[in-house]
Amino acid sequence: MIDNPKYSLKELMLYFLKLGTIGFGGPVALVGYMHKDLVEDRQWISEEEYREGLALAQLAPGPLAAQLGIYLGFVHYRFLGATLIGFAFVLPSFIMVVLLGMVYKVYGGLSWIQAVFYGVGAAVIGIIALSSYKLTLKSIGKFNPESFKSKWLLWLFFILAIIITYATEQEQVLLFVAAGLLYMIIKAPPKWWNLKTINTLVLFTIAFWDYESTTLTKIAVFFATAGTFVFGSGLAIVPFLHSGVVIENQWLTEQQFLDSVAVAMITPGPVVITVGFIGYLVDGFLGALVAAMATFLPCYLFTIAMAPYFKKIAQNKPVKAFVDGITAAVVGALVGSVIVIVKRSIIDIPTALIAILSIFALLYIKKIQEPYIIVIAAVLGLIIKLVIL
(Lines give C-alpha, C1' and ligand atoms only; values in the text may rest on other atoms or scores of the structure.)
Protein backbone atom coordinates (compact mmCIF):
# COMPACT_ATOMS: atom_id res chain seq x y z
CA MET A 1 0.00 0.00 0.00
CA ILE A 2 1.32 3.46 -0.83
CA ASP A 3 0.57 6.92 0.66
CA ASN A 4 -2.65 7.44 2.64
CA PRO A 5 -5.73 6.76 0.52
CA LYS A 6 -8.99 8.52 1.34
CA TYR A 7 -10.83 5.20 1.38
CA SER A 8 -10.44 1.75 2.85
CA LEU A 9 -10.14 -1.40 0.77
CA LYS A 10 -13.48 -2.50 2.19
CA GLU A 11 -15.16 0.69 0.94
CA LEU A 12 -13.70 0.23 -2.54
CA MET A 13 -14.79 -3.43 -2.57
CA LEU A 14 -18.34 -2.48 -1.59
CA TYR A 15 -18.41 0.13 -4.37
CA PHE A 16 -17.36 -2.38 -7.04
CA LEU A 17 -19.72 -5.00 -5.63
CA LYS A 18 -22.52 -2.46 -6.08
CA LEU A 19 -21.33 -1.46 -9.56
CA GLY A 20 -21.16 -5.12 -10.59
CA THR A 21 -24.72 -5.57 -9.32
CA ILE A 22 -26.47 -2.55 -10.86
CA GLY A 23 -24.02 -1.27 -13.49
CA PHE A 24 -25.83 -1.62 -16.83
CA GLY A 25 -24.81 -0.27 -20.20
CA GLY A 26 -21.67 -2.11 -21.24
CA PRO A 27 -17.98 -1.14 -20.96
CA VAL A 28 -18.29 2.52 -21.98
CA ALA A 29 -21.04 3.17 -19.43
CA LEU A 30 -19.21 1.29 -16.65
CA VAL A 31 -16.00 3.22 -17.28
CA GLY A 32 -18.05 6.45 -17.13
CA TYR A 33 -19.62 5.45 -13.81
CA MET A 34 -16.17 4.84 -12.31
CA HIS A 35 -14.96 8.29 -13.34
CA LYS A 36 -18.04 10.07 -12.02
CA ASP A 37 -18.19 8.16 -8.73
CA LEU A 38 -14.52 7.65 -7.85
CA VAL A 39 -12.85 10.68 -9.44
CA GLU A 40 -15.45 13.45 -9.48
CA ASP A 41 -17.80 12.72 -6.56
CA ARG A 42 -15.77 10.83 -3.94
CA GLN A 43 -12.30 11.94 -5.12
CA TRP A 44 -10.77 8.60 -4.08
CA ILE A 45 -8.86 8.32 -7.35
CA SER A 46 -7.00 11.20 -8.99
CA GLU A 47 -7.62 12.19 -12.59
CA GLU A 48 -4.07 11.12 -13.47
CA GLU A 49 -4.48 7.69 -11.86
CA TYR A 50 -7.78 7.16 -13.67
CA ARG A 51 -6.32 8.14 -17.05
CA GLU A 52 -3.35 5.84 -16.54
CA GLY A 53 -5.71 2.98 -15.71
CA LEU A 54 -7.87 3.69 -18.76
CA ALA A 55 -4.81 3.82 -21.01
CA LEU A 56 -3.57 0.50 -19.61
CA ALA A 57 -7.01 -1.08 -20.09
CA GLN A 58 -6.99 -0.01 -23.74
CA LEU A 59 -3.39 -1.03 -24.38
CA ALA A 60 -3.38 -4.49 -22.79
CA PRO A 61 -5.72 -7.41 -23.55
CA GLY A 62 -8.73 -7.82 -21.31
CA PRO A 63 -12.31 -6.50 -21.07
CA LEU A 64 -12.08 -2.72 -20.66
CA ALA A 65 -14.23 -2.12 -17.56
CA ALA A 66 -12.93 -5.12 -15.59
CA GLN A 67 -9.33 -4.23 -16.32
CA LEU A 68 -9.82 -0.60 -15.28
CA GLY A 69 -11.45 -1.76 -12.03
CA ILE A 70 -8.54 -4.11 -11.31
CA TYR A 71 -6.07 -1.27 -11.94
CA LEU A 72 -7.95 1.10 -9.62
CA GLY A 73 -7.81 -1.57 -6.93
CA PHE A 74 -4.05 -1.82 -7.54
CA VAL A 75 -3.43 1.95 -7.23
CA HIS A 76 -3.35 2.08 -3.43
CA TYR A 77 -3.71 -1.53 -2.33
CA ARG A 78 -1.49 -3.33 -4.85
CA PHE A 79 -1.98 -7.08 -5.44
CA LEU A 80 -4.56 -7.60 -2.69
CA GLY A 81 -6.59 -4.63 -3.91
CA ALA A 82 -6.44 -5.75 -7.55
CA THR A 83 -7.50 -9.28 -6.63
CA LEU A 84 -10.37 -8.38 -4.32
CA ILE A 85 -11.73 -5.63 -6.62
CA GLY A 86 -11.63 -8.00 -9.59
CA PHE A 87 -13.67 -10.60 -7.69
CA ALA A 88 -16.09 -8.00 -6.29
CA PHE A 89 -16.78 -6.55 -9.73
CA VAL A 90 -17.30 -9.83 -11.57
CA LEU A 91 -19.02 -11.91 -8.84
CA PRO A 92 -22.56 -10.40 -8.97
CA SER A 93 -22.97 -10.80 -12.73
CA PHE A 94 -21.41 -14.28 -12.59
CA ILE A 95 -24.01 -15.39 -10.02
CA MET A 96 -26.78 -13.88 -12.16
CA VAL A 97 -25.74 -15.62 -15.39
CA VAL A 98 -25.37 -18.97 -13.61
CA LEU A 99 -28.88 -18.62 -12.17
CA LEU A 100 -30.20 -17.64 -15.60
CA GLY A 101 -28.35 -20.65 -17.02
CA MET A 102 -30.22 -22.92 -14.60
CA VAL A 103 -33.55 -21.40 -15.62
CA TYR A 104 -32.61 -21.64 -19.30
CA LYS A 105 -31.69 -25.33 -19.02
CA VAL A 106 -34.94 -26.20 -17.25
CA TYR A 107 -37.38 -24.07 -19.27
CA GLY A 108 -35.49 -23.53 -22.55
CA GLY A 109 -37.74 -25.94 -24.42
CA LEU A 110 -40.97 -24.10 -23.59
CA SER A 111 -42.62 -22.25 -26.48
CA TRP A 112 -42.77 -18.89 -24.67
CA ILE A 113 -39.05 -19.03 -23.83
CA GLN A 114 -38.28 -19.83 -27.46
CA ALA A 115 -40.50 -16.93 -28.53
CA VAL A 116 -38.67 -14.54 -26.20
CA PHE A 117 -35.26 -15.51 -27.53
CA TYR A 118 -36.54 -15.44 -31.12
CA GLY A 119 -36.82 -11.66 -30.78
CA VAL A 120 -33.85 -11.25 -28.46
CA GLY A 121 -31.47 -13.12 -30.76
CA ALA A 122 -32.32 -10.81 -33.66
CA ALA A 123 -31.78 -7.72 -31.50
CA VAL A 124 -28.41 -9.04 -30.36
CA ILE A 125 -27.31 -9.37 -33.99
CA GLY A 126 -28.21 -5.72 -34.56
CA ILE A 127 -26.36 -4.63 -31.41
CA ILE A 128 -23.23 -6.60 -32.30
CA ALA A 129 -23.29 -5.31 -35.89
CA LEU A 130 -23.42 -1.69 -34.72
CA SER A 131 -20.74 -2.33 -32.09
CA SER A 132 -18.42 -3.82 -34.71
CA TYR A 133 -18.89 -0.70 -36.85
CA LYS A 134 -18.11 1.62 -33.93
CA LEU A 135 -15.10 -0.49 -32.94
CA THR A 136 -13.80 -0.21 -36.48
CA LEU A 137 -14.04 3.60 -36.39
CA LYS A 138 -12.39 3.76 -32.98
CA SER A 139 -9.65 1.18 -33.51
CA ILE A 140 -8.64 1.77 -37.13
CA GLY A 141 -10.22 4.93 -38.50
CA LYS A 142 -13.03 6.40 -40.56
CA PHE A 143 -14.07 4.92 -43.88
CA ASN A 144 -12.48 7.59 -46.09
CA PRO A 145 -9.58 7.79 -48.60
CA GLU A 146 -7.28 9.58 -46.16
CA SER A 147 -7.62 6.84 -43.55
CA PHE A 148 -7.22 4.08 -46.17
CA LYS A 149 -4.00 5.75 -47.38
CA SER A 150 -2.39 6.49 -44.02
CA LYS A 151 -3.40 3.23 -42.33
CA TRP A 152 -3.45 0.92 -45.35
CA LEU A 153 -1.72 -1.94 -43.52
CA LEU A 154 -4.22 -1.92 -40.64
CA TRP A 155 -7.08 -1.87 -43.17
CA LEU A 156 -5.44 -4.80 -44.95
CA PHE A 157 -5.31 -6.81 -41.68
CA PHE A 158 -8.94 -5.84 -41.06
CA ILE A 159 -10.14 -7.01 -44.49
CA LEU A 160 -8.08 -10.22 -44.39
CA ALA A 161 -9.52 -11.06 -40.95
CA ILE A 162 -13.08 -10.52 -42.26
CA ILE A 163 -12.48 -12.78 -45.27
CA ILE A 164 -10.65 -15.53 -43.35
CA THR A 165 -13.16 -15.56 -40.47
CA TYR A 166 -16.09 -15.71 -42.88
CA ALA A 167 -14.48 -18.40 -45.03
CA THR A 168 -13.24 -20.67 -42.22
CA GLU A 169 -15.86 -19.82 -39.55
CA GLN A 170 -13.10 -20.26 -36.97
CA GLU A 171 -11.08 -17.98 -34.72
CA GLN A 172 -7.60 -17.46 -36.11
CA VAL A 173 -5.38 -16.71 -33.12
CA LEU A 174 -2.20 -17.05 -35.16
CA LEU A 175 -3.55 -14.48 -37.63
CA PHE A 176 -3.95 -11.97 -34.80
CA VAL A 177 -0.46 -12.60 -33.44
CA ALA A 178 1.01 -12.42 -36.95
CA ALA A 179 -0.77 -9.11 -37.61
CA GLY A 180 0.57 -7.65 -34.37
CA LEU A 181 4.13 -8.84 -35.01
CA LEU A 182 4.17 -7.75 -38.65
CA TYR A 183 2.85 -4.29 -37.86
CA MET A 184 5.39 -3.93 -35.04
CA ILE A 185 8.28 -5.04 -37.29
CA ILE A 186 7.28 -2.57 -40.01
CA LYS A 187 6.31 0.41 -37.85
CA ALA A 188 8.55 0.15 -34.78
CA PRO A 189 10.87 -2.89 -34.74
CA PRO A 190 12.23 -3.55 -31.24
CA LYS A 191 15.95 -4.03 -30.63
CA TRP A 192 15.51 -7.65 -29.53
CA TRP A 193 13.82 -8.75 -32.78
CA ASN A 194 15.81 -11.32 -34.81
CA LEU A 195 15.54 -14.75 -36.45
CA LYS A 196 16.14 -16.56 -33.14
CA THR A 197 13.13 -14.78 -31.66
CA ILE A 198 10.95 -15.91 -34.58
CA ASN A 199 11.97 -19.57 -34.09
CA THR A 200 11.29 -19.37 -30.35
CA LEU A 201 7.81 -17.95 -30.92
CA VAL A 202 6.97 -20.62 -33.49
CA LEU A 203 8.10 -23.43 -31.16
CA PHE A 204 6.17 -21.90 -28.24
CA THR A 205 3.01 -21.66 -30.34
CA ILE A 206 3.25 -25.31 -31.43
CA ALA A 207 3.85 -26.44 -27.83
CA PHE A 208 0.92 -24.34 -26.60
CA TRP A 209 -1.58 -26.06 -28.88
CA ASP A 210 -0.24 -29.60 -28.30
CA TYR A 211 -2.51 -30.97 -25.59
CA GLU A 212 -5.09 -33.65 -24.81
CA SER A 213 -7.80 -32.84 -22.35
CA THR A 214 -11.15 -33.45 -20.77
CA THR A 215 -14.03 -31.05 -21.33
CA LEU A 216 -13.09 -28.87 -18.34
CA THR A 217 -9.50 -28.58 -19.49
CA LYS A 218 -10.68 -27.78 -23.01
CA ILE A 219 -12.92 -25.08 -21.56
CA ALA A 220 -10.01 -23.64 -19.54
CA VAL A 221 -7.60 -23.55 -22.50
CA PHE A 222 -10.19 -22.21 -24.94
CA PHE A 223 -11.50 -19.41 -22.72
CA ALA A 224 -8.02 -18.40 -21.52
CA THR A 225 -6.99 -18.03 -25.16
CA ALA A 226 -10.11 -15.99 -25.91
CA GLY A 227 -9.53 -13.77 -22.86
CA THR A 228 -6.00 -13.04 -24.02
CA PHE A 229 -7.24 -11.42 -27.23
CA VAL A 230 -10.07 -9.20 -25.98
CA PHE A 231 -9.01 -5.60 -26.57
CA GLY A 232 -11.21 -2.71 -25.43
CA SER A 233 -14.75 -4.02 -25.76
CA GLY A 234 -16.23 -7.19 -24.36
CA LEU A 235 -17.90 -7.84 -27.72
CA ALA A 236 -14.46 -8.37 -29.29
CA ILE A 237 -14.58 -11.84 -27.76
CA VAL A 238 -17.58 -12.80 -29.91
CA PRO A 239 -15.67 -14.20 -32.93
CA PHE A 240 -13.56 -16.44 -30.64
CA LEU A 241 -16.58 -17.69 -28.75
CA HIS A 242 -18.74 -18.21 -31.81
CA SER A 243 -16.25 -20.27 -33.78
CA GLY A 244 -14.97 -22.26 -30.81
CA VAL A 245 -18.27 -22.89 -29.05
CA VAL A 246 -20.57 -23.34 -32.06
CA ILE A 247 -18.38 -24.46 -34.98
CA GLU A 248 -15.34 -26.32 -33.65
CA ASN A 249 -16.48 -27.95 -30.40
CA GLN A 250 -20.23 -27.83 -31.14
CA TRP A 251 -20.96 -27.21 -27.48
CA LEU A 252 -23.92 -24.93 -28.30
CA THR A 253 -26.30 -24.35 -31.20
CA GLU A 254 -26.39 -21.03 -33.05
CA GLN A 255 -29.51 -19.98 -31.16
CA GLN A 256 -28.05 -20.94 -27.78
CA PHE A 257 -24.99 -18.84 -28.56
CA LEU A 258 -27.08 -15.78 -29.39
CA ASP A 259 -29.13 -16.38 -26.24
CA SER A 260 -25.87 -16.44 -24.24
CA VAL A 261 -24.81 -13.05 -25.60
CA ALA A 262 -28.29 -11.70 -24.88
CA VAL A 263 -28.11 -12.89 -21.26
CA ALA A 264 -24.84 -10.98 -20.82
CA MET A 265 -26.45 -7.82 -22.18
CA ILE A 266 -29.46 -7.91 -19.87
CA THR A 267 -27.33 -8.47 -16.78
CA PRO A 268 -25.16 -5.79 -15.15
CA GLY A 269 -21.37 -5.86 -15.03
CA PRO A 270 -18.92 -6.76 -17.82
CA VAL A 271 -20.40 -8.10 -21.06
CA VAL A 272 -17.68 -10.77 -21.16
CA ILE A 273 -19.50 -12.55 -18.34
CA THR A 274 -21.43 -14.31 -21.11
CA VAL A 275 -18.64 -16.90 -20.76
CA GLY A 276 -20.16 -17.95 -17.43
CA PHE A 277 -23.51 -18.66 -19.05
CA ILE A 278 -21.85 -20.56 -21.90
CA GLY A 279 -19.70 -22.54 -19.46
CA TYR A 280 -22.78 -23.51 -17.44
CA LEU A 281 -24.63 -24.77 -20.51
CA VAL A 282 -21.58 -26.78 -21.58
CA ASP A 283 -20.56 -28.39 -18.27
CA GLY A 284 -22.68 -27.14 -15.37
CA PHE A 285 -21.45 -24.96 -12.51
CA LEU A 286 -17.83 -26.12 -12.78
CA GLY A 287 -17.92 -25.29 -16.48
CA ALA A 288 -19.20 -21.79 -15.66
CA LEU A 289 -16.56 -21.27 -12.97
CA VAL A 290 -13.66 -22.51 -15.11
CA ALA A 291 -14.80 -20.49 -18.15
CA ALA A 292 -15.12 -17.25 -16.13
CA MET A 293 -11.83 -17.69 -14.26
CA ALA A 294 -9.94 -18.62 -17.43
CA THR A 295 -11.31 -15.61 -19.31
CA PHE A 296 -10.55 -13.04 -16.62
CA LEU A 297 -7.20 -14.48 -15.52
CA PRO A 298 -5.20 -12.99 -18.45
CA CYS A 299 -6.81 -9.60 -17.77
CA TYR A 300 -5.76 -9.78 -14.11
CA LEU A 301 -2.23 -11.00 -14.82
CA PHE A 302 -1.55 -8.38 -17.49
CA THR A 303 -2.77 -5.62 -15.18
CA ILE A 304 -0.70 -6.51 -12.13
CA ALA A 305 2.34 -7.24 -14.32
CA MET A 306 2.18 -3.96 -16.25
CA ALA A 307 0.79 -1.56 -13.63
CA PRO A 308 4.08 -0.86 -11.75
CA TYR A 309 5.92 -0.08 -14.99
CA PHE A 310 3.08 1.27 -17.07
CA LYS A 311 4.37 4.79 -17.63
CA LYS A 312 7.45 3.34 -19.29
CA ILE A 313 5.50 0.68 -21.21
CA ALA A 314 2.96 3.23 -22.47
CA GLN A 315 5.72 5.10 -24.30
CA ASN A 316 7.07 1.95 -25.95
CA LYS A 317 6.42 2.29 -29.69
CA PRO A 318 6.86 -1.43 -30.53
CA VAL A 319 4.24 -2.34 -27.89
CA LYS A 320 1.80 0.20 -29.29
CA ALA A 321 2.36 -1.04 -32.84
CA PHE A 322 1.88 -4.68 -31.77
CA VAL A 323 -1.44 -3.82 -30.09
CA ASP A 324 -2.60 -1.77 -33.11
CA GLY A 325 -1.92 -4.69 -35.45
CA ILE A 326 -3.72 -7.24 -33.27
CA THR A 327 -6.67 -4.89 -32.72
CA ALA A 328 -7.18 -4.35 -36.46
CA ALA A 329 -7.31 -8.12 -37.04
CA VAL A 330 -9.56 -8.77 -34.02
CA VAL A 331 -12.08 -6.11 -35.11
CA GLY A 332 -12.03 -7.58 -38.63
CA ALA A 333 -12.73 -11.01 -37.15
CA LEU A 334 -15.67 -9.51 -35.23
CA VAL A 335 -17.13 -8.15 -38.48
CA GLY A 336 -16.58 -11.52 -40.19
CA SER A 337 -18.23 -13.28 -37.29
CA VAL A 338 -21.23 -10.96 -37.48
CA ILE A 339 -21.64 -11.84 -41.17
CA VAL A 340 -21.53 -15.58 -40.33
CA ILE A 341 -24.10 -15.17 -37.53
CA VAL A 342 -26.39 -13.04 -39.72
CA LYS A 343 -26.27 -15.65 -42.48
CA ARG A 344 -27.36 -18.37 -40.05
CA SER A 345 -29.70 -16.53 -37.70
CA ILE A 346 -31.69 -13.98 -39.70
CA ILE A 347 -34.18 -16.57 -40.86
CA ASP A 348 -37.18 -14.45 -41.87
CA ILE A 349 -38.50 -10.91 -42.35
CA PRO A 350 -39.44 -10.31 -38.66
CA THR A 351 -35.92 -11.17 -37.40
CA ALA A 352 -34.37 -8.94 -40.09
CA LEU A 353 -36.67 -6.07 -39.09
CA ILE A 354 -35.92 -6.48 -35.37
CA ALA A 355 -32.16 -6.43 -36.08
CA ILE A 356 -32.44 -3.30 -38.26
CA LEU A 357 -34.73 -1.51 -35.79
CA SER A 358 -32.29 -2.29 -32.97
CA ILE A 359 -29.49 -0.59 -34.91
CA PHE A 360 -31.61 2.49 -35.68
CA ALA A 361 -32.82 2.73 -32.08
CA LEU A 362 -29.25 2.77 -30.75
CA LEU A 363 -28.20 5.28 -33.41
CA TYR A 364 -31.05 7.77 -33.07
CA ILE A 365 -32.46 7.38 -29.55
CA LYS A 366 -29.60 8.78 -27.49
CA LYS A 367 -30.59 7.68 -24.00
CA ILE A 368 -31.66 4.14 -24.84
CA GLN A 369 -29.35 1.33 -23.67
CA GLU A 370 -28.91 -2.27 -24.78
CA PRO A 371 -30.93 -3.87 -21.93
CA TYR A 372 -34.02 -1.87 -22.97
CA ILE A 373 -33.57 -2.98 -26.57
CA ILE A 374 -33.35 -6.60 -25.41
CA VAL A 375 -36.56 -6.32 -23.33
CA ILE A 376 -38.48 -4.71 -26.21
CA ALA A 377 -37.22 -7.40 -28.60
CA ALA A 378 -38.34 -10.10 -26.15
CA VAL A 379 -41.86 -8.65 -26.11
CA LEU A 380 -41.88 -8.44 -29.91
CA GLY A 381 -40.75 -12.07 -30.08
CA LEU A 382 -43.64 -13.15 -27.88
CA ILE A 383 -46.15 -11.20 -29.96
CA ILE A 384 -44.81 -12.46 -33.30
CA LYS A 385 -44.47 -16.12 -32.31
CA LEU A 386 -47.44 -16.62 -30.04
CA VAL A 387 -49.99 -14.15 -31.39
CA ILE A 388 -49.29 -13.41 -35.07
CA LEU A 389 -47.67 -16.63 -36.36
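**Notes on the predicted model**

1. Of the chain's 389 residues, 53% count as buried, a term that here means under 20% relative accessible area, with exposed meaning over 50% and partly exposed in between (1.4 Å probe, protein chains only). This is a predicted model, in which local features need pLDDT of at least 70 and side-chain atom pairs count only at pLDDT 80 or more, while totals for chains, interfaces and linings use all residues. Residues are numbered from 1 along each chain as its sequence is written, and side-chain values use heavy atoms, with hydrogens and water left out.

2. The secondary structure comprises 17 helices and 2 strands, taken as DSSP runs numbered from the N terminus (helices H or I, at least four residues; strands E, at least two).

3. The largest nonpolar core has 127 residues, among which Phe16, Met34, Val124, Phe223 and Leu241 touch the most other members; helix H4 (residues 64-107) supplies its largest share, 19 residues. Such a core is a set of buried Ala, Val, Leu, Ile, Met, Phe, Trp, Tyr and Cys residues joined through side-chain atoms within 4.5 Å.

4. Beyond its neighbours within four places in sequence, leucine 241 is in contact (heavy atoms within 4.5 Å) with residues including Phe222, Phe223, Phe257 and Ile278.

5. In soluble globular proteins, nonpolar side chains tend to be buried together. Valine 387, however, lies in helix H17 and is exposed, with a relative accessible area of 63%.
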